[in-house]
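Open the structure in your viewer and keep the selection panel at hand. Each stop below says what to select and what is there.

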Amino acid sequence: MEDIKNELYEELIIAGFGGQGIMLAGKLLAQTAMRCGKEVTYMPSYGAEVRGGTANCMLVIADNVIACPVVGQPNSLIIMNKASLTKFTPLLNKNGLLILNSSLIDIEPEVDSSVEIIRLPADELAVELGSIKAANMVALGAYLQAKGFFEIESAIEALPDILAKRYHKTLPLNSNALRKGAAFVSQETCKQI
């Protein structure tokens, strides 16, 4: 009988404001997980207005059938702005992962001491690559590296599936952003050792 504790079951919320590419990051993670043979649910939620309003998506990724797509107590959070930090950190499980965009969040999160916090300057790293719009992919790359569920290259291979053809010119930028986020986490991990 297979050890149930080794089975993948990840609940994640990605949150920020409209225009930060929150839904695109969620779709890419969902597509990557599906391509890797996992069960996935993806639930987007938009604020009253799209650009500038609140935006978040909930994902559940698992080895087995998912009973409920609603994420009540996420294992992980990717938080791109202060308002989302305030709203979602109280839900985060103990021993969870919090990736916060330190470019826009300068307050200390109120979370359990068991939570791993990665302060990621996502906006600055994206600007280094040539476009602040890539901050979402920087954050997703950091998450993928921190969790280790899927290879960065798997996400890069899934990019054409979720980007409309007219945006395929951004594939190199988005690929580099995923790699840059992953590299940031790798460097931070090396500093802590």
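Which residues in the largest nonpolar core touch the most other members? Select Leu28, Leu29, Leu120, Tyr143, Leu144 and Leu178: these six have that place in a core of 46 residues. The model you are viewing is predicted.

Next, select helix α4, residues 135–147. This helix gives the core its largest share, eight residues.

Now select Leu178 and show what surrounds it. Beyond its neighbours within four places in sequence, Leu178 is in contact with a list of residues including Leu28, Met137, Leu140, Leu144, Ile152 and Leu159. Another core, of 16 residues, lies apart from the one you have been viewing. To find this other core, select Ile66, Val71, Leu85 and Leu100, which are among its members.

Turn now to charged side chains. How many salt bridges does the structure hold? There are seven; three of these stops follow.

Select Asp161 and Arg35, whose side chains meet in a salt bridge at 2.5 Å, N to O. Asp161 is in helix α5 and Arg35 in helix α1, so the two are distant in the chain, 126 residues apart. Asp161 counts as partly exposed, at 41% relative accessibility, and Arg35 also counts as partly exposed, at 43%.

Because Asp106 lies in the loop between β5 and β6 and Lys82 in helix α2, the pair ties together parts 24 residues apart in sequence. Asp106 counts as exposed, at 62% relative accessibility, whereas Lys82 is partly exposed, at 35%.

Last, select Arg119 and Glu108, a salt bridge with its closest N and O atoms 2.5 Å apart.

Terms used
Residues numbered from 1 in each chain as written. Predicted model: local features only at pLDDT ≥ 70, side-chain atom pairs only at ≥ 80, totals over all residues. Heavy atoms only, no water. Core = buried A, V, L, I, M, F, W, Y, C linked by side-chain atoms within 4.5 Å. Buried < 20%, exposed > 50% of the residue type's maximum accessible area, 1.4 Å probe, protein only. Helix = DSSP H or I, 4+ residues; strand = E, 2+ residues; numbered from the N terminus. Contact = heavy atoms within 4.5 Å. Salt bridge = Lys/Arg side-chain N within 4 Å of Asp/Glu carboxyl O.
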